[in-house]
Protein chains: 2
Amino acid sequence: MAPTDKRDQKVSLHTVERLSVYRRKLEELGTDDVEYIHSHELAALVGVTPAQLRRDLASFGSYGNISRGYDVRRMSRTISQIIGTDHIQHVGLVGVGDLGRALLSYRGFEERGFHIAAAFDVDPDKVGRVFAGRRCYALEKLETVIADLQIPILVLTARPEGLQEVVDRGVKAGVRSFLNFVPKTLTVPDGCFVEHIDISAKLEKLSFLSRQDECQMETAI
Amino acid sequence: MAPTDKRDQKVSLHTVERLSVYRRKLEELGTDDVEYIHSHELAALVGVTPAQLRRDLASFGSYGNISRGYDVRRMSRTISQIIGTDHIQHVGLVGVGDLGRALLSYRGFEERGFHIAAAFDVDPDKVGRVFAGRRCYALEKLETVIADLQIPILVLTARPEGLQEVVDRGVKAGVRSFLNFVPKTLTVPDGCFVEHIDISAKLEKLSFLSRQDECQMETAI
């Protein structure tokens, strides 16, 4: 069931995040050979109320069976269709540094239906080279390559300097979503989206936590 | 000022997250050669109220100067001391797959004061080898290596199966914090912490967003 009707268009971001959590848990259950699960059990596993779970899923039709519960594999597949990970989408990566190269070789993107189709960098030593099977283009070619390869998503792993300009150019060229690994605040117009993965902030939080001397460790020792 | 007194111990996680954001913005400002900034300007840049900013910073002493504002570099340095990124901390990495190897070569950890001191895997082909300068140990050695190298933080990039057991063993061996890249819910006792970086969930959200046909793109076109 593809989200083509008006009702599906109105799914909130919070719903999408929860759907993603449901799907992951369903995948785990599928791996453990669980075939059916009742809504209250699944709700408990993911930490939402059964009412919330049923509301989220009701928008997309029915997967329920009163006696046996939800069909685990079928529901997982349908959620993938809803969130769009059942078909390959092209992604561009800006900034072929350490993290950029790491992500180019990270298979998790492909597993989720994302193919990094092109990489971009400003460094003349990198431009024209192939990294993990992907060609590195000069940043000046951003608009052309986005159009040629139909790229709706950019992964940002470049330096913070000039990054907003890259985003603005991407938006003008038709990019809708940005996955930003750079510790820099970015702005996009309405209808475009930035998701921030802030490894530094997580590390700093852990750093602080791991230095606390007075944590309660009774349970752990 | 190191967070050794009672008052500092009580800093909330939300404060730490905000401190991390302030520090990052101060670093950006420092790079742009800004020497001083008024609290209301900094608050506006990071999107908090001036009252919130002053409250967060007041817990750690005074950096203010009524006429010139905060000293950008000094404040950035002091926040680093508070959150503990001013000295090297040892980190262990569990799971030398694609993402694990990527993170081993990611210099962002070192830049934030984290040194991945050891990697662990169950694969006999990987055990004993050196990846990006770090030795890969058998997972059975987890407790010994954690104790020998004084590792308070584990980065998790292994398969979801058996991961909770690894966490439980880490906790017993003295690990306080876990940076979890694996799409799996983990539980830790009070006083220990898990930070989740969920690349899959972010990708799925972007996937959904990038498929929305009816976004408002007026501003972008």
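Good morning. I begin with two helices of chain A: α2(A) and α3(A) are roughly perpendicular to each other, because angles of 65 to 115 degrees count as such and their axes cross at roughly 105°. Please keep in mind throughout that this is a predicted model.

To place these elements, helix α2 covers residues 13–31 of chain A and helix α3 covers residues 39–46, and their axes come within 10 Å. From α2(A), the residues in contact are Val21(A), Tyr22(A) and Lys25(A). Facing them from α3(A) are Leu42(A), Leu45(A) and Val46(A). In terms of residue class, this contact comprises 5 nonpolar residues, no polar ones and 1 charged residue.

Helix α3(A) also packs against helix α4 of chain A, residues 50–58. The axes of this second pair are 8 Å apart, at an angle of about 105°. α3(A) and α4(A) are therefore roughly perpendicular to each other as well. On the side of α3(A), the contact is formed by Ser39(A), His40(A), Leu42(A) and Ala43(A). On the side of α4(A), it is formed by Pro50(A), Leu53(A) and Arg54(A). Here the classes are 4 nonpolar, 2 polar and 1 charged. I would draw your attention to Leu42(A), which takes part in the contact with α2(A) and also in the contact with α4(A).

Let me now step back to chain A as a whole. The chain has 10 helices and 9 strands. It contains 221 residues, of which 39% count as buried. Among its contacts with a separation of 6 or more, 58% are between residues 24 or more positions apart. The domain assignment divides chain A into domain 1, residues 6–83, and domain 2, residues 89–202. Taken over C-alpha atoms, the centres of these two domains are separated by 31 Å.

I turn next to the two chains together.

As for the extent of the interface, 59 residues of chain B are in contact with 60 residues of chain A. Several elements of chain B each supply at least two residues to this side, among them α2 (13–31), α6 (98–104), α9 (163–172) and the strands β8 (177–180) and β9 (193–196). Which element gives the most? That is α10(B), with 13 residues. By class, the side of chain B that touches chain A has 28 nonpolar, 16 polar and 15 charged residues.

I shall close with some individual residues. Ile146(B) lies in helix α8 of chain B, residues 142–149. Is Ile146(B) buried or exposed? It is buried, because 23 other C-beta atoms lie within 10 Å. Setting aside neighbours within four places in sequence, Ile146(B) is in contact with Gly92(B), Ile151(B), Gly170(B), Ala173(B), Gly174(B) and Val175(B). Its C-alpha atom is separated by 12 Å from that of Val166(B), 20 residues apart along the chain.

Two residues of chain B have a positive phi without being glycine. For Asp33(B), phi is about 65°. Asp33(B) sits in the loop between α2 and β1 (36–37) of chain B, and it counts as exposed, with 7 C-beta neighbours inside 10 Å. For Ala132(B), phi is near 45°. Ala132(B) is found in the loop between β5 (130–131) and β6 (134–138) of chain B. It counts as partly exposed, because it has 14 C-beta neighbours inside 10 Å.

Finally, returning to chain A, Gly133(A) is in the loop between β5 (130–131) and β6 (134–138). Gly133(A) counts as exposed, with 8 C-beta neighbours inside 10 Å. Thank you for your attention.

Conventions:
Residues are numbered from 1 along each chain as its sequence is written. Chains are lettered from A and ligands numbered from 1 in the order in which they are written. This is a predicted model: local features need pLDDT of at least 70, side-chain atom pairs count only at pLDDT 80 or more; totals for chains, interfaces and linings use all residues. Axes are lines fitted to C-alpha atoms, for helices over the stretch in contact, and angles run from 0 to 180 degrees between N-to-C directions. Helices (H or I, at least four residues) and strands (E, at least two) are DSSP runs, numbered from the N terminus. Angles under 35 degrees count as roughly parallel, over 145 as roughly antiparallel, 65 to 115 as roughly perpendicular and the rest as oblique. Two residues are in contact if their C-beta atoms, placed from the backbone, lie within 7 Å. Ala, Val, Leu, Ile, Met, Phe, Trp, Tyr, Cys and Pro count as nonpolar, Asp, Glu, Lys and Arg as charged, and the others, Gly among them, as polar. A residue is buried if 20 or more other C-beta atoms lie within 10 Å of its own, exposed if 12 or fewer, and partly exposed in between; C-beta atoms are placed from the backbone. Domain bounds come from an automatic or database domain assignment.
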